Every structure is written in structure tokens, then in C-alpha cells.
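Here are some friendly notes to read alongside the model. Have the structure open as you go through the points.

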Amino acid sequence: MIQTGQNLAPDSTPEQYWKALKSDDGEALSVLYSLYANPLYNYGSKFSSDEEVVKECIQSLFVTLWDRRNSLGTPVNVKNYLFKALRVSIFKHKKLFEMQQRLKEGENYSFLATLSIEDELIIGEDTSALQLRLQAGLEQLSPRQKEAVFLRFYEGMSYAEVAEVMDISVKGTYKVMARAIDALRENLDKGDFSVLFVLFSYKLFN
């Protein structure tokens, strides 16, 4: 029997809504969807430019959560759980799931990372020209490096959380990030490299 609105306060945590979902609360599923649909789409769209595929995977993910609600575990972090589940779903859809365990840095899977520079952050610069230079630097990174940078800076995840989502070790995450930073330092001049990390910090802390 579907229950709704199990006296959860408006400021309930995602983990509390998850617990309510496990107890057949349909409203809790709706709240979780409203909280995470857009961030999930933003992440999923980096793997596929086909927006319908991404939307289908997100919808399928939440349908599966409802269907399996009574047997779900209790994740420490709901957002990380959903990001990882969507990643696996998209890899399956793209027939890359069997390759996932063999993926090494630079192997074939796509991750589309696009910079968006807010004009007020950059003073005395041709923003369009700067964005082109920074984007060109990012494009030199491997898909795995771009994904780690996105999760770390744009989603504000810790190294441990990035490792969980990408299904690699924390040590492996540090290695991927270190190589990404080295590559950016090599491919950008000193000024542009500094600006890029100002932008990353702004995304991380705002």
C-alpha cells in the first residue's frame, strides 16, 4: 500500500526522505526526484549528447528505486548513490558496461565538459577568447580526468565521494586529479591556468 507524507519536516535531509521511500512513501520519491533530477541530467549529459537517452536513464533509475524500495540499502550519501547508479545505467545503455572494469585513463568513453564563465568574475579580459583557451585546455584531458574534475569542482564532491561515484579507489582519484592538473598546467599558460583554478574554486565554494 502506497503511503504519502509521513510527517517529514520541510527541512528533512535526503537521507530521511530515502528512509521514508523505503517505507512506501511515494511523496518522498517525488521529493528526491525534484532535488536531484537536474543535477543528474547535468552529469548524465556529459556522457551522452542524446538528451532523450539521459532522461530515459534518469526516469528508469527512479522507477527502479520505487520498484525495489523495500530491498534498498541505506546509502551514507543519497546524491552519491544516485550519481553512481546513473553512471552505471548510462554505461549499460551505451553497451560500455562490460568494458567499465577495464577502462583506463584515456580509453574510449566520452565525457563532455564545457566551461561557462560568468562575466562578473573576470575583470579586464576578453571573456570569449579566454573561454576558448580554457576550453581547449580542458579538451586535452582524458574523459576520466574531465569526469573527476567535474565531480570534484562542479559538484563539490570530496575525493572519497568522487572515488565512490567513479568506482575507483581514493588513491586512484588523487592520481587522476594530479594528472589532470599537470596536463592543464602544461597546456595552458601561467595566467590562464591561474584563472581556471579561480573558476574551479568559485564553483566549489558557491
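**Notes on the fold, helix faces and pocket**

1. Let's begin with the surface. The protein chain has an accessible surface of about 11,300 Å², and carbon and sulfur atoms account for 51% of that. Accessible areas here come from the Shrake-Rupley method with a 1.4 Å probe, and for residues only the protein chains shown count as cover. Please keep in mind that this is a predicted model, in which local features need pLDDT of at least 70 and side-chain atom pairs count only at pLDDT 80 or more, while totals for chains, interfaces and linings use all residues. Residues are numbered from 1 along each chain as its sequence is written, and side-chain values use heavy atoms, with hydrogens and water left out.

2. Next, the overall make-up. The protein chain holds 9 helices and 0 strands, and its pattern along the sequence reads α-α-α-α-α-α-α-α-α. Helices (H or I, at least four residues) and strands (E, at least two) are DSSP runs, numbered from the N terminus. Of the 206 residues in the protein chain, 43% are buried; buried means under 20% relative accessible area, exposed means over 50%, and partly exposed lies in between (1.4 Å probe, protein chains only). If you look at contacts (heavy atoms within 4.5 Å) between residues at least 6 apart in sequence, 61% of them join residues at least 24 apart.

3. Which residues of α1 are buried? They are Tyr 17, Trp 18, Ala 20 and Leu 21. These buried residues line one face of α1, because they fall within an arc of 160 degrees seen down the helix axis. The arc is that of the directions from the helix axis to the C-beta atoms. As for partners, the buried residues of α1 pack against α2, α3 and α4.

4. α1 is followed by Asp 24, which sits in the loop between α1 (14-22) and α2. Asp 24 is not a glycine, yet its phi is positive, about 75 degrees. For background, most residues other than glycine have a negative phi. Asp 24 counts as buried because its relative accessible area is 15%.

5. Now for α7 (residues 159-166), where Tyr 159, Val 162, Ala 163, Val 165 and Met 166 are buried. They lie on the same side of α7 because they cover an arc of only 165 degrees around the axis. A reminder on helix geometry: an α-helix has 3.6 residues a turn, so residues three or four places apart point the same way. The buried residues of α7 pack against α2 (26-44), α4, α6 (143-154) and α8 (170-187).

6. Asp 167 belongs to the loop between α7 and α8. Its phi is positive, about 60 degrees, although Asp 167 is not a glycine.

7. Ser 45, in the loop between α2 and α3, is buried at a relative accessible area of 18%. Leaving aside residues up to four places away in sequence, Ser 45 touches Val 54 and Leu 112. Ser 45 and Leu 112 are 67 residues apart along the chain, while their C-alpha atoms are separated by 7.5 Å. Val 195, in helix α9 (residues 190-205), counts as buried at 17% relative accessibility. From Val 195 to Leu 134 the C-alpha to C-alpha distance is 8.9 Å, and the two are 61 residues apart in sequence.

8. Finally, the largest pocket, with about 420 Å³ of space. On a 1 Å grid over the protein atoms alone, a pocket is an open set of points where a 1.4 Å probe fits, with protein on both sides within 12 Å along at least five of seven lines; lining residues have an atom within 4 Å of a point. The lining has 15 residues, and Leu 61, Thr 64, Arg 68, Ala 85 and Lys 92 lie nearest the centre of the pocket. At least two lining residues come from each of α3 (51-67) and α4 (78-93), and α4 gives the largest share, 7 residues. By type, the lining divides into 7 nonpolar, 4 polar and 4 charged residues. Here Ala, Val, Leu, Ile, Met, Phe, Trp, Tyr, Cys and Pro count as nonpolar, Asp, Glu, Lys and Arg as charged, and the others, Gly among them, as polar.

How values were computed. Grid points are joined across faces, edges and corners, and a volume is the space filled by probe spheres set on the points.
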